[in-house]
Amino acid sequence: MYPATVPTLVPPTQLTPVAAAAPHPLAVLGGDTRVRVADGRTLPYANLDVAATAPCAVAAADAVTRLLPTYASVHRGAGALSQQCTRAYEQARATVAGFVGCRPGDQVIFTRNSTDALNLMAHVVPAGTTVITFVGEHHANLLPWRRAVRLPLPRTPDEAVAAVERALRRPGPALVAVTATSNVTGEVWPVAEIARVAHQRGARVVVDAAQLAAHGPVDMAALGADYLVLSGHKLYAPFGAGVLAGRADWLDAAEPYLRGGGASRQVAADGAVRWADGPARHEAGTPNLVGVVALAAVCSAVTAGGWAHLARHERWLLERLDAGLSGIAGVHRLALFGPGHPRLGIAGFAVAGLDSAEVARRLADEHGIGVRDGLFCAHPLTRRLLADTPVTTATAVRASIGAGTTAEHVDRLVAGVADIAGRRRPASG
Ligand SMILES: Cc1ncc(COP(=O)(O)O)c(C=O)c1O
């Protein structure tokens with residue numbers, strides 16, 4: 001559902017990094033964006049919907065600006081620029097492989113986003129493999145698995161591990177598909193422990209790192225991930241690239257995900273095709289050079305700067321957000337594993353007596369704040385978490401933070417929610 005009125009965007013005088021003195025290395029564009037709110041004031045836009053799509057990193061924009069004058073075909077031309085662009089594309093693949101901690105022999109396939117990467121994963125799973133996942137996954141890690149064993153939502157991380165272990169007692173090959181960090185609650189899932197029991201039973205694991213990758217290091221070996229997916233636009237590189245990284249054997253054995261030029265080595269007049277091995281097998285068509293160069297630039301920037309500053313900045317803001325929301329009567333938080341469980345920069349909540357669309361609209365219209373409302377493409381999880389609260393609203397609000405978020409944004413959100421909750425009609429929900 002969209003707000004009835006859309007706040008007017010006030011064109012920024014110029015696009016600048018969020019602040020020269022930002023306390024972390026990942027400067028982003030758009031920090032000076034202002035929006036006009038209902039009473040006619042203009043306010044700095046508080047983007048608290050970073051979990052949906054992050055703002056563009058300066059590093060990504062700079063890399064694209066540098067690339068564009070020499071933009072040319074990839075894997076398709078003998079000219080100097082084509083060769084240069086092919087090198088840039090393959091260099092980006094190597095950078096991303098390093099960023100996610102690929103092991104020797106692993107492949108990095110560029111996709112459109114995490115959804116595309118998980119659909120590719122579903123496409124390459126060998127016939128006869130049992131896919132095991134949880135019913136509370138994001139739809140991107142739920143709907144591609146047509147015949148999966150869908151485990152009920154666990155109450156504790158230990159329950160999650162035990163449920164996977166039990167499900168793996170059935171004979172035959174298996175793949176466990178699990179999200180590293182919930183996009184509804186920000187809670188961190190026990191991926192390494194799940195991978196340990198999966199590997200003990202000879203199963204493989206695909207990790208949905210769409211949220212995790214924007215908040216901390218992703219190391220496939222440490223996570224125990226045989227495969228890992230992420231989205232560039234959630235990692236401050238909004239140019240339409242995503243990633244599936246992981247073991248080569250299933251990828252090389254599968255039919256190409258897309259059929260066409262680039263994936264085919266030789267095509268005979270009778271239609272017989274010899275398909276390419278390696279990443280090209282699943283990347284038919286002209287690839288998204290701009291997207292992967294932008295993504296690699298962010299991976300390099302974060303790797304060079306380290307996660308520590310950004311993680312500290314986000315933790316500090318999250319504590320501020322949690323403290324603020326917990327002090328507001330009628331605000332109920334969504335959590336699967338409980339309040340003490342480690343979380344990354346996401347807070348899901350509902351306000352008693354108020355439809356979440358109304359809360360989000362008023363935050364936008366009256367306070368210049370962008371949040372998400374609804375069921376966050378994780379309908380079973382969000383409905384179940386809402387059922388655990390005393391509210392009767394059907395949907396929830398989500399605030400999420402990242403590079404570019406300031407304490408003022410968080411404080412404005414808390415004040416806005418308190419204001420909106422304080423003016424709700426007392427009789428309802
Ligand atoms: C945990 C998780 N997985 C997968 C996705 C899908 O990502 P994309 O929309 O980039 O394909 C999202 C998007 O919100 C997500 O939060």
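Predicted model: local features only at pLDDT ≥ 70, side-chain atom pairs only at ≥ 80, totals over all residues.

User: What percentage of the 429 residues is buried?

Analyst: A residue counts as buried if 20 or more other C-beta atoms lie within 10 Å of its own. Buried residues account for 48% of the 429 residues. Of the contacts between residues at least 6 apart in sequence, 71% join residues at least 24 apart.

User: Which residues of helix H2 are buried, and which are exposed on the other side?

Analyst: Let us begin with the general idea. An α-helix has 3.6 residues a turn, so residues three or four places apart point the same way.

Helix H2 covers residues 80-100 and has 21 residues. From its first C-alpha to its last, H2 reaches 30 Å, close to the 30 Å expected at 1.5 Å a residue. Its buried residues are Cys85, Ala88, Ala92, Arg93, Val96, Phe99 and Val100. These residues cover an arc of only 140° around the axis, which puts them on the same side of H2. On the other side of H2, the exposed residues are Ala80, Arg87 and Ala94.

User: What covers the buried residues of H2?

Analyst: The cover includes helices H1 (58-67), H6 (220-223) and H8 (289-305), together with strands S5 (107-111), S10 (227-231) and S11 (242-246). After H2 comes glycine 101, whose phi is positive, near 75°.

User: Which residues are buried in helix H11?

Analyst: In H11, residues 379-387, the buried residues are Leu381, Thr382, Leu385 and Leu386. They cover an arc of only 125° around the axis, which puts them on the same side of H11. The buried residues of H11 pack against strands S15 (346-351) and S18 (396-400).

User: Where do histidine 75 and tyrosine 236 lie, and what are their phi angles?

Analyst: Most residues other than glycine have a negative phi. Histidine 75 has a positive phi of about 65° although it is not a glycine, and it lies in the loop between H1 and H2. Tyrosine 236 is not a glycine either, and its phi is positive, about 70°; this tyrosine is found in the loop between S10 and S11.

User: Are these two residues buried or partly exposed?

Analyst: Histidine 75 is partly exposed, with 16 other C-beta atoms within 10 Å. Tyrosine 236 is buried, with 30 other C-beta atoms within 10 Å.

User: Where is valine 371 found, and which residues does it touch?

Analyst: Valine 371 is in the loop between strand S16 (369-370) and strand S17 (372-374). It is buried, with 25 other C-beta atoms within 10 Å. Leaving aside residues up to four places away in sequence, valine 371 touches Leu48, Asp49, Ala360, Leu363, Val397, Arg398 and Ala399.

User: Finally, how many residues surround the ligand, and which are the closest?

Analyst: The ligand is surrounded by 13 residues, of which Asn113, Thr115, Asn183, Ala210 and Ser231 are the closest. By class, this shell has three nonpolar, nine polar and one charged residues.

How values were computed. Residues numbered from 1 in each chain as written. Near = placed C-beta within 6 Å. Nonpolar A, V, L, I, M, F, W, Y, C, P; charged D, E, K, R; others polar. Helix = DSSP H or I, 4+ residues; strand = E, 2+ residues; numbered from the N terminus. Expected span 1.5 Å × (residues − 1). Buried ≥ 20, exposed ≤ 12 C-beta atoms within 10 Å, placed from the backbone. Arc of directions from axis to C-beta. Contact = placed C-beta atoms within 7 Å.
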